[in-house]
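Subject: Handover of a structure

Hello,

I am passing this structure on to you. My notes follow below it.

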Amino acid sequence: MTSVLDRPAPPPDLTLPYGPRPEHVVDLRFPPAVPGRVAPLIVLIHGGFWRPAYDRTHLGPMGQALAAAGYMVAVPEYRRAGMAEEGWTGTFGDIALAADQVTGIAGAHGADTSTVTWAGHSAGGHLALWAAARPGLPPNGAGSLWRGPSPATYVVALAACSSLRLCAEWNLGGGAVLSLMGGGPEEVPERYAIADPASLPHFDLIDPESRAWPQVMAALAGTWSG
């Protein structure tokens with residue numbers, strides 16, 4: 001059996017720009033046409049410890065399987081560690097731009113955007129969580145340019161690097177986080193404060209009086225068949 005990293009997949013149905021740079025492209029995969037059905041949208045963010053060697057092509061088999069299951073699948077590319085002339089901010093600027101643009105692009109090609117799922121694996125899981133947490137970014141100063149609405153109704157984080165601080169302390173990926181961030185959490189804490197999903201404000205999910213409680217109830221109700 002071949003590794004999923006090497007397994008071929010059919011090319012995407014469309015590759016479209018979501019921004020001005022060559023890396024600002026998104027692959028769209030369409031589901032089989034079913035009369036009267038509009039396909040829900042899944043945005044997949046690829047992983048690979050944010051390293052340039054790993055791009056969106058290795059999500060081809062997963063994207064194709066999800067499209068065959070009835071979803072429209074969008075896979076945006078982004079610049080990884082060391083690829084952006086502006087430094088560590090390039091990756092986050094790209095994902096913020098994708099968060100603003102990809103849903104509209106997919107909707108223009110027939111996706112149901114009333115609910116949108118962002119899913120990511122490993123480093124992609126980190127970026128999917130971060131995109132969903134953008135409302136918690138500061139309104140002024142560092143990170144404010146990336147602040148915006150969450151692009152996701154649901155987030156699926158697969159083996160995600162959900163805490164950059166812990167991933168740095170554990171030296172996961174042979175210093176992958178330090179390469180992405182340009183230093184460790186003690187060296188550049190201001191960067192981690194706006195790039196680490198675990199550092200951003202989150203809803204109080206166990207408080208019945210919180211604004212998040214209706215979403216918690218809806219999620220719990222979805223786990224029951226009756």
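Leaving aside its neighbours within four places in sequence, which residues is Arg-56 in contact with? They are Thr-15, Val-25, Asp-27, His-46, Val-75, Pro-76 and Glu-77, where contact means heavy atoms within 4.5 Å.

Some notes on the source: this is a predicted model, in which local features need pLDDT of at least 70 and side-chain atom pairs count only at pLDDT 80 or more, while totals for chains, interfaces and linings use all residues. Residues are numbered from 1 along each chain as its sequence is written, and side-chain values use heavy atoms, with hydrogens and water left out.

Arg-56 is in the loop between S3 and H1; strands (E, at least two residues) and helices (H or I, at least four) are DSSP runs numbered from the N terminus. Arg-56 is buried, at 18% relative accessible area. Buried is under 20%, exposed over 50% and partly exposed in between (1.4 Å probe, protein chains only). The side chains of Arg-56 and Asp-27 are joined by a polar contact of 2.8 Å. Such a contact is a pair of N or O atoms within 3.5 Å; within protein, one must be able to donate a hydrogen and the other to accept it, and residues adjacent in sequence count only if both atoms are side-chain atoms.

Most residues other than glycine have a negative phi. Phe-49, in the loop between strand S3 (40-45) and helix H1 (60-68), has a positive phi near 55° and is partly exposed, at 25%. Ala-159 has a positive phi of about 45°. Ala-159 sits in the loop between strand S6 (154-158) and helix H4 (164-169) and is exposed, at 62%.

Regards
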